[in-house]
Amino acid sequence: MTTVLLENLTKSFGEVRALESMTLEIRDGELVSLLGPSGCGKTTALRLVAGFERPTGGRVLLDGNDVSTVPPSKRNMGMVFQAYSLFPNMTAAENVGFGLRVRKESSEKRSRRVGELLEMVGLAEAAGRYPHQLSGGMQQRVALARALAVEPRVLLLDEPLSALDAKVRGQLREEIRRIQTELGITTLFVTHDQEEALALSDRVAVLSNGRLEQVGTPPEIYGEPETPFVAQFIGTMNRLEATVTGPGHVEHEGRRLGVDAVRDRSAGEKVLVLVRPESVEISEPGEAGNGHPRNGMVEGRIVGRSFMGPVTRVKVSNGAAEAITADLPSRNAHSLKIGDHVSARFDPANARVLSLDE
Amino acid sequence: MKSAKKLSLTKIAWLSIGVLYFLVPLLATLQFSLQEGREGYGFGAYTYILTDPLFRQSLLFSFLLALATIVVSMLLLVPTVYWVRLKMPRLRPVLDFVSIMPFVVPPIVLVVGLLTLYQGAPSWFVATPAILLCGYVIHALPYVYRSVDAGMEAINIHTLTEAAQSLGAGWGTVLLRVIVPNLRVALLSGSFLTLTIILGEYTMASLMLFNSFAVYIAYVGQSQANPAAALTLISFAITWAAMLGLLAVTRRGSRGGAEVQAQIGGAR
């Protein structure tokens, strides 16, 4: 199997730096997602690995061999594209067999392999259908089978689910993960959908403005963001700018808050306190809440309330500060109404801190 | 209801005027082509034309030249348009401009230019239909270019090319097995248009002294009145057959094209 190493990879388009000295290793059999907003450089990175672009600086290494200048047709990488890319003049089976035909495999081997792969993606009965006779989800399944037919060293997925509706997207996401795990193929997956990246990947690499912000497992990326961008981009995060006042305490808009994560920081340091909405509790003003030593964060009125199935999202504002978002179990939130005067609190142990002085 | 009825009557009236405008001259030509002597009618003029060896020779000459024009134009334009769209999109306005030049430059000027340009060229070139072929390729350029360009617009050539490359295909395979088969309708449209235009092209063939079909029509028209009318209708039928072929192909293709468009549109 194969290890991919992106070493100080840089790509410029004229004056625009699309990718800035990116270093990332994708280990053998691992599924790594490149996650970021539009224009962050994730697709550029994928195209550099595929060979459709030449790097301005740095190298792409496959098992230690520099392939930066090898044309895409010689890299033996399977790719599934965002746009439907099946050849309209060929049936599903012919599409899957295309790479094998190019490699001049015998028709016997070709038809056996095509059958296996269409079976694997659950489309054996659609072998004779043309792309326009297939739904979007089916087309992307055939595209996946086509990419896998040539037994690629690396599988590259460029937002293959973005054109599909939510239900099909969820199903195909699970299917991609099942097949990838089954084959143990090294995979690079590009997406702007954080939920998709967190659900699917062994590790996630978050990009912003052509720079790698953080690489980590989904729980690390979600629970321990290392930069303000990651904290803001992944999930919903309450961000409180504060100053350290003493061991375990900060001051935010004149209010003293307990934050365990600032125990080792010196007084006067500017910090960003990050609290996930699910760590925020709502109670009557002045209540301690569940008997734990909580810190008052904001006392104010409920200004927003959205039912989201298992949780209800509540926004609390005192008028001056940024609204605090809390995700409450829906069964506990039914009595809360817009305009209610409440206190939003969090556990000092559940807050993460980033320094603003650096 | 009343206004709808009025509108429909207006439509019928305009349609009738249009039909009469086209049919009356044709019917008059048909009547004249069938006239034999003062009061009799027959197919003498048609028999004369269809048995005239010059008719078959000139038609075959123009037909073969049209086929050669189609082949050369396609070989020249398909890879060019593909490459420009794929790798040099900034050159597209230049191609667009060049492609309409034959509309701007009159054929007579084109012939003079060609003859001056190829003065001193070997006789196997200037004394054979090869020189006429050069002129015809330029003459057909706007039609072939528009057809090929529209065909490439309808398919996502970037993604299809990259998909084929990632599966190990080289440029030749990409072009011949992926791009060209998906341009079938566009290429057929361009071919039919070229065929029709070349069958009716007179100026270049006449000035370069070739006996093309259009030159034969002009010759018969100047010398024999009734066969000229019959020939007009025969050439009209040939042109219409080509146009109907084009229509049939385009209709069939527009369904396929819509499907391709829907696929690409759905992905965005």
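Me: What kind of model is it?
Reply: It's a predicted model.

Me: OK. How many helices and strands in chain A?
Reply: Chain A has 9 helices and 20 strands.

Me: And what box do the C-alpha atoms of chain A fill?
Reply: Roughly 75 × 45 × 35 Å, along the principal axes.

Me: Which domains does the assignment give for chain A?
Reply: Domain 1 covers 4-226 and domain 2 covers 238-355. The centres of these two domains of chain A are 40 Å apart, taken over C-alpha atoms.

Me: What share of chain A counts as buried?
Reply: 43% of its 358 residues.

Me: And the contacts in chain A, how many join residues at least 24 apart?
Reply: 64%, counting contacts between residues at least 6 apart in sequence.

Me: Switching to sheets. What's the strand order in the open sheet of 4 strands in chain A?
Reply: β2-β1-β4-β5, with antiparallel pairing. β2 (16-26) and β5 (65-66) of chain A are at the edges. Each has a single partner strand, so one side of each lacks a neighbour in the sheet.

Me: How many bridges join β1 to β4 in chain A?
Reply: 5 bridges, between β1 (residues 4-13) and β4 (residues 57-62) of chain A. Within that pair, Leu6(A) sits opposite Val60(A) of β4(A).

Me: Which strands does α1(A) lie across?
Reply: β1, β2 and β4 of chain A. The angle of α1(A) to β1(A) is about 115°.

Me: Now the contact between the chains. How many residues from each?
Reply: Chain A gives 25 residues and chain B gives 23 residues. On the chain A side, β6 (77-80), α2 (92-102) and α4 (136-149) each supply at least two residues. By class, that side of chain A has 15 nonpolar, 8 polar and 2 charged residues.

Me: Let's go to chain B. Why is helix α8 of chain B largely enclosed?
Reply: Because 8 of the 10 residues of α8(B), residues 157-166, are buried. Among them are Ile157(B), Leu160(B), Glu162(B) and Gln165(B).

Me: Last one. What's the phi of Gly168(B), positive or negative?
Reply: Positive, near 100°. Gly168(B) follows α8(B).

Methods:
Residues numbered from 1 in each chain as written. Chains lettered and ligands numbered in written order. Predicted model: local features only at pLDDT ≥ 70, side-chain atom pairs only at ≥ 80, totals over all residues. Contact = placed C-beta atoms within 7 Å. Nonpolar A, V, L, I, M, F, W, Y, C, P; charged D, E, K, R; others polar. Domains from an automatic or database assignment. Buried ≥ 20, exposed ≤ 12 C-beta atoms within 10 Å, placed from the backbone. Pairing = 2+ DSSP bridges. Axes fitted to C-alpha atoms, helices over the stretch in contact; angles between N-to-C directions.
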